[in-house]
Amino acid sequence: MNKVAETASSSLFPTYARYPIALVKGDGSWLWDDQGNKYLDFMCGLAVTNLGHAPKQVKEALVKQLDELWHVSNLFHIPNQEAAAKLLTDNSHADAVFFCSTGAEANEAAIKLARRYHQKVKGNGRNEIITFAQSFHGRTLATLTATGQEKVKEGFGPLPEGFRYIPLHDYEALEAAITDKTAAIMIEMIQAEGGVIPVEPAFVQHLAKVCKERGILLIVDEIQTGMGRTGKLFGFQHYGIEPDIFTLAKGLGSGFPVGAMLAKGELREAFNAGSHGSTFGGTPIATAVVKATIEALLEEKAADRAAETGEYLMSQLREKLAGNPFVQEIRGKGLMIGIVCSGPVANIIAEGQKRGLLVVTAGPNVVRLLPSLLISRDEVDLGVSILTSIFADQTAPV
Ligand SMILES: *Cc1c(COP(=O)(O)O)cnc(C)c1O
């Protein structure tokens with residue numbers, strides 16, 4: 001079916017510029033389309049299927065829960081939810097977890113918690129959140145407002161008040177943006193959608209220090225960097241900081257929709273009974289999946305593997321793409337890697353699909369690699385050889 005016919009006959013909103021492929025089956029690092037073509041997956045549904053497709057342990061837990069109970073509402077105790085939250089707090093510095101269904105909803109909860117903490121617990125009326133240029137925090141009205149990219153905001157005004165934006169790594173702009181109304185600073189440890197841009201350690205540490213000194217909450221958006229992706233369970237663990245609040249989604253459910261907002265104990269009372277909620281937040285099914293996902297991540301030492309495999313993949317790319325005129329830089333951490341190019345990379349993505357490798361962009365000029373944390377060396381080598389051949393065949397600047 002050609003693209004025009006497809007668009008005209010679809011009952012869906014055209015919110016996504018879809019690739020001309022319909023994937024119907026997945027196993028580990030591999031995907032198959034409805035024509036029987038096989039693809040090596042270097043994107044993981046955008047950092048979601050961190051354990052590969054249909055991971056055995058998670059699938060078993062999901063199937064078992066499907067036989068027992070699907071939904072009861074948060075008016076009741078949900079043992080799986082307690083157990084999943086305990087796994088998260090046992091494996092981080094956080095003391096309290098709120099479950100929801102998506103990343104945007106987790107960030108929305110973080111923004112609400114920060115404001116409510118200052119207004120109800122501290123009684124200081126602070127309500128402003130500082131975020132960064134090129135950041136991405138979601139598509140709800142508050143989270144698209146928090147996002148430091150104009151394109152996600154166009155046509156959606158009026159936007160909620162109380163957000164200020166500064167360039168990444170700009171110490172002076174940070175100083176100028178902080179007022180007696182500043183409730184929180186919100187940041188990703190690697191700006192993912194913004195172009196796979198790791199934040200400099202000195203800047204992260206400066207932010208943590210400034211927040212601590214001035215009673216400002218530090219919110220880290222770990223929705224894409226979390227769950228082992230960067231070589232630690234959470235990205236901020238590379239920097240020796242403990243954010244007051246952090247958010248998870250994507251890899252948290254191995255493909256099942258689930259998000260979480262985690263915070264230190266002193267923030268617990270800001271979200272008292274009735275202050276926030278979500279019908280589907282932490283259902284028996286969702287939290288059975290979260291529990292199994294975390295257990296599998298820990299059992300497989302997935303974060304350590306991501307660190308090792310990521311180093312190998314990065315070194316292979318640097319070696320094989322060295323001297324290529326289109327490649328400017330290869331950056332990232334663990335298995336979140338960006339190949340920064342001298343121009344648009346849409347044709348590299350398309351060429352990958354033709355040659356059986358799925359990769360994705362991050363901004364117009366960056367090819368983003370997000371393979372399974374459990375990918376084998378052979379699979380990495382295959383991906384690198386396909387990428388090398390695609391880049392070698394580029395005859396004009398991309
Ligand atoms: C994907 C993403 C979000 C939004 O998550 P959704 O589940 O799509 O709402 C927010 N922040 C970051 C860093 C993300 O990568």
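Predicted model: local features only at pLDDT ≥ 70, side-chain atom pairs only at ≥ 80, totals over all residues.
The space within the largest pocket amounts to about 1,900 Å³. Its lining is made up of 50 residues, and those nearest the centre of the pocket are Y16, G45, L46, R139 and E193. Three elements each contribute two or more residues to this lining, namely α2 (44-47), α5 (103-122) and β16 (360-361). Of the elements, α5 contributes the most, with 3 residues. The position of the largest pocket follows from the domains that line it: because domain 1 (23-54 + 302-393) and domain 2 (56-300) both give residues to the lining, the pocket lies between them.

The second largest pocket has a volume of about 840 Å³. It is lined by 30 residues, and Q81, E82, V97, F98 and F99 are the closest to its centre. At least two lining residues are supplied by each of α4 (79-90), β4 (96-100) and β12 (259-263). Here the largest share comes from α4, which provides 5 residues. The lining of the second largest pocket divides into 14 nonpolar, 11 polar and 5 charged residues.

E82, one of the residues closest to the centre of the second largest pocket, is found in helix α4. With a relative accessibility of 54%, E82 counts as exposed, because the cut-off for that class is over 50%. The C-alpha atoms of E82 and A142 are 28 Å apart in space, and the two residues are separated by 60 residues in sequence. N80 also lies in helix α4. The relative accessible area of N80 is 18%, so this residue is buried, the limit for that class being under 20%.

The largest nonpolar core contains 78 residues, among which I187, L317, I339, V367 and L369 touch the most other members. Helix α9 (residues 284-299) makes the greatest contribution to this core, with 7 residues. Domain 1 (23-54 + 302-393) and domain 2 (56-300) both give residues to this core, so the core lies between them. The largest pocket is likewise placed between these domains, because both give residues to its lining.

The cysteines can be considered next. A disulfide is a covalent bond between the sulfur atoms of two cysteines. The structure holds 0 disulfides. C44 is buried, with a relative accessible area of 2%, and C211 is buried as well, its relative accessible area being 2%.

L46 has a phi near 65 degrees, a positive value in a residue other than glycine. This residue is found in helix α2, and L46 is among the residues nearest the centre of the largest pocket. The relative accessible area of L46 is 27%, so the residue is partly exposed. V196, which is not a glycine, has a positive phi of about 55 degrees. V196 is found in the loop between β8 (190-191) and β9 (197-198). Its relative accessibility is 0%, and V196 therefore counts as buried.

A further backbone feature involves a proline. The peptide bond from G157 to P158 is cis, with omega near 0 degrees. P158 is placed in the loop between α6 (141-146) and β6 (163-166). K151 also has its place in the loop between α6 and β6. At 58% relative accessibility, K151 counts as exposed. K151 and G125 are 26 residues apart in sequence, and their C-alpha atoms are 31 Å apart in space.

Technical notes:
Residues numbered from 1 in each chain as written. Heavy atoms only, no water. 1 Å grid on protein atoms, 1.4 Å probe; cavity = no way out; pocket = protein on both sides within 12 Å on 5 of 7 lines; lining within 4 Å. Points joined across faces, edges and corners; volume = space filled by probe spheres on them. Helix = DSSP H or I, 4+ residues; strand = E, 2+ residues; numbered from the N terminus. Domains from an automatic or database assignment. Nonpolar A, V, L, I, M, F, W, Y, C, P; charged D, E, K, R; others polar. Disulfide = S-S within 2.5 Å. Buried < 20%, exposed > 50% of the residue type's maximum accessible area, 1.4 Å probe, protein only. Core = buried A, V, L, I, M, F, W, Y, C linked by side-chain atoms within 4.5 Å.
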